[in-house]
Amino acid sequence: MMELFTDKKFLVLVVFFLALISGIIFYPVYSGLLLILSLIVFGILSMLWKDPRIKLAGLAFLLILAIANIAANGLKYGIDFQGGTRIPIVLEKPVSSDAMSELIDIVKKRVSVLGLTEAKVRAVGDTQINVEVPSSDEQTIKFIEGTLSHQGVYWGVVDGKVAISGEDIYSTSIIPLSSQQLAQSNADWGVTFSVNRHGAEQFAAVGKNKADYPVYMYLDRPTNAVLFLSKADIRASLPDDSSEKEALRSLADALELDSGRNISVFITEDLNLSSLPKPKDNATRAIISNETADSVKSALRNSGYVVTEYPKSEISPSFNRTRSEVLTVAKLEAIGLLSSPLLSPGLTTGVPNYGFSITGSVPGTGAEKTAEAQANVKKIQSILKGGSLPVQISLGSRTTLPASLGQEFLRLSLIGVVASLVAISLLIGFRYRNLRATIPIILISISELIILLSILGSFTIDLAAMAGIIAAIGVGVDAQIVITDELLRKTEESTEEKVEHAFAIIKTNVVVAALSMIPLLFSGLVEIIGFAISTILGSLLGYMLSRPAYAAIVGMVIGKGEPVQ
Amino acid sequence: MDFPNIFKGNYKLLAIPPLVLILISIYFIPQIKMGVDFQGGTLVTLNLKGAADAEKLKADLAGEGLDAGVRVYQTTTGYKAEIEVPQSQKLVEADNLKSEFNNLLPDVSLLEVVSMQNSSQMNEYLAKRAELEAVSDRMFSLAGVSRKDFNITGAIEEQKSFSNAYLKIYGDYQSSISKPIEKHISYSSISIQTVSPLLSSQFISKAINVVIFSAVLSIAFVFIFFRTFVPSLAVLTGSISDVVIALGAMGIFGIPFTLPSFAALLMLIGFSLDTDILLTMRMLRRKGDPREKAHWAMKTGLTMSVTAIVAFSALFILALLTHIPTYYEISAVALAGLVGDIFATWGINAVLLLWYVERVGA
C-alpha cells in the first residue's frame with residue numbers, strides 16, 4: 001500500500017483533486033459543473049490506468065469532492081421541497097433561443113428591482129418562462145405579478161418636453177433598416193418606425209428648430225423622484241477633458257421635463273444630512289447607489305423618501321460629446337434613460353412626419369462590428385416597443401406551496417431514498433448470501449447516491465430529479481449484478497476474462513440508457529429534464545468510475561485474491 | 001437461489017403469456033387518459049385544511065357553473081383535492097383569432113401610415129381595416145364587450161383593445177375556476193396549472209420528436225452493434241412489446257399520460273434493452289448449450305429486474321403516501337413496464353433467439 005502514495009499516477013490524481021476541491025469551495029456557482037468535470041477526469045484516468053487501486057482512489061476522491069460540496073455549499077431545492085411560488089409567463093408565440101435569453105434577462109431585471117434576488121427565472125420550452133420565488137406571501141406575489149404584466153412606457157424627450165411617446169408608435173412598424181437604407185444614410189445600424197397622426201403632430205411641434213438636440217429615450221422614467229449621485233458615480237465614465245460642473249449641467253438638461261415631472265440631482269458629498277431637500281410627497285423616490293453610506297440612506301428615509309438602491313453600473317451616467325462639442329448624457333439606467341440619439345435637421349422644420357429612423361455607427365471591423373451593430377438595433381427596438389415582453393401572463397395559474405409542506409415532502413422523499421437502498425441491500429444479500437459480494441455493492445450504491453445528490457443539488461433538485469435519483473439506485477445496481485454473476489460462475493475462465501465479458505454487456509447497457517434519454521435532455525421539456533439528467537449521470541458515473549472500482553474490489557475479495565487488471 | 005430452467009421442453013409455449021398480455025394491452029391503449037400537459041386545460045391541486053367529500057365538492061362547483069372532475073385523497077400530509085377543468089373552447093377560439101389578427105396587423109398599420117400622407121391609398125386601407133375590425137369584433141363578442149366601450153381611432157388603439165379583450169377572456173376563464181374554489185374550499189396550498197392550447201400542442205410535438213430520436217438512435221445502435229438481422233429484430237421486438245405492455249397498463253389502471261409518465265416510458269426503452277442485450281450477448285458470444293445460457297442470462301436478468309422493481313416500489317409507496325403526481329406517474333409506469341419486461345424478454349426475445357440459434361446456429 002505504501003508504494004501507492006509515491007506512485008506518479010496517484011500523485012496526478014491528488015493534484016487534480018486539490019485543484020477541483022478548491023474550485024468547488026471558492027467558486028460555488030460552478031460547483032455542479034466542476035463535479036461533472038471531476039467525474040469525467042477521474043473517469044477517464046481510471047479507464048486509462050489499469051491499476052485497480054487507482055480506480056478505487058478515483059471513486060474515493062470523487063466521493064470526497066461530493067461530500068465537500070454538500071458541506072460547503074449545501075443542496076439547492078426547487079419550490080416543491082422548500083416551499084414558495086411559481087408564476088408561469090406564457091409567451092404569445094414561440095421565440096428563438098436568442099430572443100428567449102433576452103426575455104429572461106428582462107424578467108430577471110424586473111424581478112430583481114423588487115429586491116427578490118433569490119428569484120429563479122428559467123425557460124420552459126420556447127413559449128413559457130417560469131419565475132420561482134421562495135415566498136408564499138400573497139402581497140409579494142401580487143406585486144410580482146403586477147410588475148411582470150406591466151407594459152413599459154417609452155418617451156422621447158426633447159428639450160424638456162415629451163416629443164414622442166410609445167402609445168403613438170405602430171409596434172409592427174418597428175423594424176431594422178435594410179442594408180441599402182443603411183448605405184444611403186451612411187450608418188452602421190438603424191431602426192425605422194412609424195407614428196400615427198397625434199404622434200406626428202406632437203413631434204413636429206416639440207421638435208421645431210431643435211436640430212442636433214439630443215432625443216433622450218426613456219423607458220419607464222419615474223415621474224416623482226430625486227437622484228442622489230456621489231462624485232465617484234459621476235466621475236466613473238466622465239471623459240477626462242470634462243469638469244464635474246459640465247457633467248451636472250448636462251445631467252440637468254437630460255432630466256428636465258415639463259408638468260412637474262422634473263428629476264433633481266444632488267451630490268451626496270455636499271448634502272447636509274440635518275437639512276435634506278424635502279420630498280414632494282410620501283411617494284417620492286430617492287434613487288441612490290447601493291454603495292452609499294447607511295447614514296445617508298437612513299437620513300433620506302427619515303425625511304420621508306422611498307429609498308430605491310441601484311448597483312453602480314446602473315446609476316453612473318455615461319456621456320457623449322456631440323459634433324458641436326456639447327457634453328450630453330448617453331445613458332443612466334437607474335432612471336430609465338437608455339439612449340440619446342441626436343435630432344437630424346430634416347425633422348425640425350415643423351412639418352408633421354410619419355416615418356422616423358434612428359441610426360448610428362459603431363467602431364471596429366468585421367464580425368465584432370456586425371455584432372455590435374445588431375446589439376444596438378435590438379436595444380433600440382426593445383426601447384421603442386416599451387421594453388415589453390411579447391407575452392400574456394396567465395395570472396392565477398400559479399403554484400404556491402408553504403415551506404412546511406415542502407419540507408415534509410423532502411423528508412418523506414429522503415426516507416424513500418433510504419428505504420429503497422435498504423430494500424435493495426436486503427435483496428442482494430438474500431440473492432447472493434455472500435457478504436463479501438454484498439457489502440461492496442451496498443457501499444458503492446451509497447457513494448453513487450451521495451455523488452448524484454451532490455451534483456444535482458448544485459443545480460436544483462426538483463420532483464423529477466428526486467424520482468430520477470431513486471431510479472438510478474435501482475438501475476445502478478444492475479451492472480454490479482452482472483459483474484457479480486459473471487465472477488461467481490464456476491468456469492475455467494480467469495477472473496480477468498469474466499470481468500471483460502461483464503464489461504462488454506455493461507458498456508452496451510450504458511450506451512443504450514444514454515441514447516434513449518439524451519433526446520429528452522435537448523427537448524427543452526424542463527419539467528422532466530431533472531429525471532433525464534439523473535438517469536444519464538447515473539449511467540455515466542457507473543460506467544466510468546463506480547463499476548470499475550467495484551470490479552476491482554470484488555475481484556480482490558471473490559477472485560483468488562488477485563486484483564483484476 | 002435456484003429456479004428451474006423454463007427453457008427446457010417446448011420453450012415456444014413461453015410466448016403465450018406475453019402475447020396474451022400484448023393483446024390485452026392493445027385493447028386498453030385507446031383508453032389512456034391524457035393529462036393536462038398534453039390535452040390542455042387546467043389542473044388545480046389543493047392541500048385541504050380539513051376532510052372533504054368529492055361528490056359534494058363537485059356539486060358545489062357545478063352550482064357555480066364550473067363543470068369539473070374532482071378527486072379527494074387522504075395522504076400522510078393531510079387531505080388533498082385535485083380539480084380538473086377541461087380546455088375552454090372559448091380560449092381555443094381566442095387563440096386562433098389572435099393569430100389571425102397578428103397576421104393582418106402589419107399590413108393595416110403600414111397602409112394607415114401611407115394613407116395619411118397619400119389619400120389615393122385610402123380605399124385599400126379602409127378595406128384592410130374593415131377586415132381587421134371583423135376579426136376584433138369576433139374577439140369582442142367572445143369577451144362580452146362591445147366596440148363602443150373603447151375609443152378606437154386607428155390601428156394602435158385597435159390592437160390595444162384587442163389584447164384587452166383577449167386578456168379578459170383569459171381572466172374570465174381563470175376566475176370561473178378560482179372563484180368557486182375560493183368560495184367552497186379552505187386550503188393551505190394551491191397549485192393552478194393551466195396548459196394553453198398552444199403549449200399543449202408544443203408539448204405533443206416535442207414529445208413526438210423525442211420519441212422519434214430515441215427510437216432511431218436505439219434501433220440504429222442495436223443493428224450496428226449486433227450486425228445480424230434476426231437477433232437485432234428479436235431485441236427490438238422485446239423492447240417494443242415492453243412499451244406496449246406499459247401503455248396497456250396505463251389504460252387499465254388509469255395512469256394519465258403526462259410529461260413524467262412520458263419520461264418513465266423513455267427510461268423503459270433503455271431498461272428493456274438492457275435485459276435484451278444481456279440475453280443476446282450471452283446467447284451469441286459465449287460458448288455452451290443455448291438453453292443453459294438462456295437460463296443463466298435469465299437468472300442475472302431477473303435479479304436486475306427485481307432490484308429495479310424494488311427501487312420503484314419504494315417510489316410508488318412514497319407516491320401513495322404523499323400523492324405527489326410526478327412520483328406516482330413515474331413509478332407506476334416504471335413498475336408496469338418492469339413487470340412487462342420480464343414477460344417480453346424471457347417470453348418473446350428469448351424464444352425468438354433460441355429458435356434462431358437452434359435453427360441457424362450462432
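Predicted model: local features only at pLDDT ≥ 70, side-chain atom pairs only at ≥ 80, totals over all residues.
View 1. Along the principal axes, the C-alpha atoms of chain A fill a box of roughly 100 × 60 × 50 Å. The chain contains 18 helices and 18 strands, and 44% of its 565 residues count as buried. Among contacts in chain A with a separation of 6 or more, 74% are between residues 24 or more positions apart.

**View 2. The loop that holds Asn186(A).** This loop of chain A runs between helix H7 (179-184) and strand S7 (189-194). Asn186(A) is exposed because 8 other C-beta atoms lie within 10 Å, and the cut-off for exposed is 12 or fewer. Arg436(A) is 250 residues away along the chain, and its C-alpha atom is separated from that of Asn186(A) by 80 Å.

**View 3. The side of chain A that touches chain B.** Here 68 residues of chain A are in contact with 72 residues of chain B. Elements of chain A that give two or more residues to this side are strand S18 (399-401) and the helices H14 (403-432), H16 (463-488), H17 (495-521) and H18 (526-558). H16(A) gives the most, with 13 residues. By class, this side of chain A has 36 nonpolar, 24 polar and 8 charged residues.

View 4. Thr399(A) has Ser191(B) as its bridge partner in S4(B).

Terms used
Residues numbered from 1 in each chain as written. Chains lettered and ligands numbered in written order. Helix = DSSP H or I, 4+ residues; strand = E, 2+ residues; numbered from the N terminus. Buried ≥ 20, exposed ≤ 12 C-beta atoms within 10 Å, placed from the backbone. Contact = placed C-beta atoms within 7 Å. Nonpolar A, V, L, I, M, F, W, Y, C, P; charged D, E, K, R; others polar. Pairing = 2+ DSSP bridges.
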